[in-house]
Amino acid sequence: MGSSRTRNLQVFDTELSADTVEWCPLPQYSHILACGTYQLQKDDEKSPSRIGRLYLFRFDQQQSFTPPLTEIQRIDTPAILDLKWCHTEMYERPLLGMATACGEIQLHRLCDTPDSRCALERVLSTELGPDRLALSLDWSTGRGDRTDPRVVTSDSTGSLTVLSLAEENLSAVSQWKAHDFEAWISAFSYWDTQLVYSGGDDCKLKGWDLRMGPSSPTFTCKRHSMGVCSIHSSPHREHILATGSYDENVLLWDGRNMRQPLSETAVGGGVWRLKWHPVHEHLLLAACMHNDFHILHCQQAADGNEGPCPILASYILHNSLAYGADWSRLPLSSPPPSSPPADTPATITLTEPRGHLRIQYESPTASFDTSLEDECGRYIPDHTAAVSAPVPVPVVGDDSASLSCLLASCSFYDHMLHVWRWDWSPETETQSGETGPTPSS
């Protein structure tokens, strides 16, 4: 039998609501983790303000008697909606992009410090325009190309902006109205960086060719039934694109045919973030708001076989909205530490809950319709039965060997950052699904 198991390594209280986590993709700094937070402060006499904090951590798996994750820096900032590291060095250093609630894109350079640690310093920034929140950003460098590095960002007015880093300056190349309401997500095609994708609260997924100008999209897709809030181009297979929505579905596409998706997988929660594994091309990580974090196996769908993508693993220890998630490139060579299985979250030392809010329709920027969760603190969607259960996965390609992956995830209202590992041994034609309960439990 094959085996699949998730294990919590450490939990960190971010104090402010956590909504984005990003491991540095550069090999020399793959132990560095950034986390962004967002807090809406209400004042009866003033308009609400949005504050945030940028955390920087170092992960050291060799520490035997202390937690592996160590905070090395914190910076108070405007509320942070998205973080993305540039996939290549810029100015001979790692560079972190940040989208803020004041409508600003900031770039922070990771520098070595005299005490052999690291620290971020702000080097460039630009404002997208008045009265808007920057909601997402993506780099054009997803396949390691350092020529003509650009950033695409989306904002609360429904606009997209493409920024250039030419001559050590961050400047807008183009900006246009793309969606009727909030443009939750924007992303480059990593194979043709003149192509940009966007998704908005108008339920539309759109494509744009920067060579043709922004006067009209190359396609407009209404396949998602609610707001489109996550898009990620595969860095491994040309034309493959993953999208997610408040409609609780992950869709896999061939970019040459946007009329019909390759697959549709119900994951039981609005899909706020999707991340392809940096090395193993068929693995897709999904942050599913009301329904935790899931790892999907997408090979059959990418190869043109119909049917949903199997869910290999689920991480269920968060007690609030599952927002930020990312894979680390750091290899895990040591055996996994002794820890309880993921279906016993009570053994993790967390603040005793007094009842959490259940969010009916949520975003980091909107007002919310809320109700209390049940006594177990868990939200169960009405159509839970439609969620994909683990199904047989073929043992082929680069996923045939055992994997040990390091991941980070964060949740919103309980302001928690989790670092965890996933161990997978696809030794047979089926997966055991032992990482947690089946979707109906």
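Reply: Start with terms. Strands (E, at least two residues) and helices (H or I, at least four) are DSSP runs, numbered from the N terminus. Two strands pair if DSSP finds at least two bridges between them. In β16, Val196 is the bridge partner of Phe188. This is a predicted model, where local features need pLDDT of at least 70, side-chain atom pairs count only at pLDDT 80 or more, and totals for chains, interfaces and linings use all residues. Numbering starts from 1 along each chain as its sequence is written, and side-chain values use heavy atoms, with hydrogens and water left out.

Me: How do you know that β15 and β16 pair?

Reply: Pairing needs at least two bridges. β15 and β16 (residues 195-199) have four bridges, in the antiparallel sense. They belong to an open sheet with the order β15-β16-β17-β18.

Me: What makes β15 and β18 edge strands?

Reply: β15 (185-188) and β18 (219-221) each pair on one side only.

Me: Why is Ser215 called exposed?

Reply: Exposed means over 50% relative accessible area, buried under 20%, and partly exposed in between (1.4 Å probe, protein chains only). Ser215 has 71%, so Ser215 is exposed. Ser215 sits in the loop between β17 (205-209) and β18.

Me: What makes β31 mostly covered?

Reply: In β31, 10 of its 10 residues are buried. Met416, His418, Trp420, Trp422 and Trp424 point one way, and Leu417, Val419, Arg421, Asp423 and Ser425 the other way.

Me: How do you know which strands pair with β31?

Reply: Count bridges again. Strand β1 (residues 3-13) and β31 share 10, antiparallel. There, Asn8 has Trp420 as its bridge partner. β30 and β31 share nine, also antiparallel. Cys410 stands opposite Leu417.

Me: What makes a nonpolar core, and which residues touch the most other members of the largest one?

Reply: A nonpolar core is a set of buried Ala, Val, Leu, Ile, Met, Phe, Trp, Tyr and Cys residues joined through side-chain atoms within 4.5 Å. The largest has 18 residues. Leu283, Phe293, Ile295, Trp327, Leu407, Trp420 and Trp422 touch the most other members. Elements giving two or more residues include β30 (403-411) and β31 (416-425).

Me: How do you know that Trp422 is in contact with Ser4?

Reply: Contact means heavy atoms within 4.5 Å. Leaving aside neighbours within four places in sequence, Trp422 is in contact with several residues, among them Ser4, Leu283, Trp327 and Leu407.
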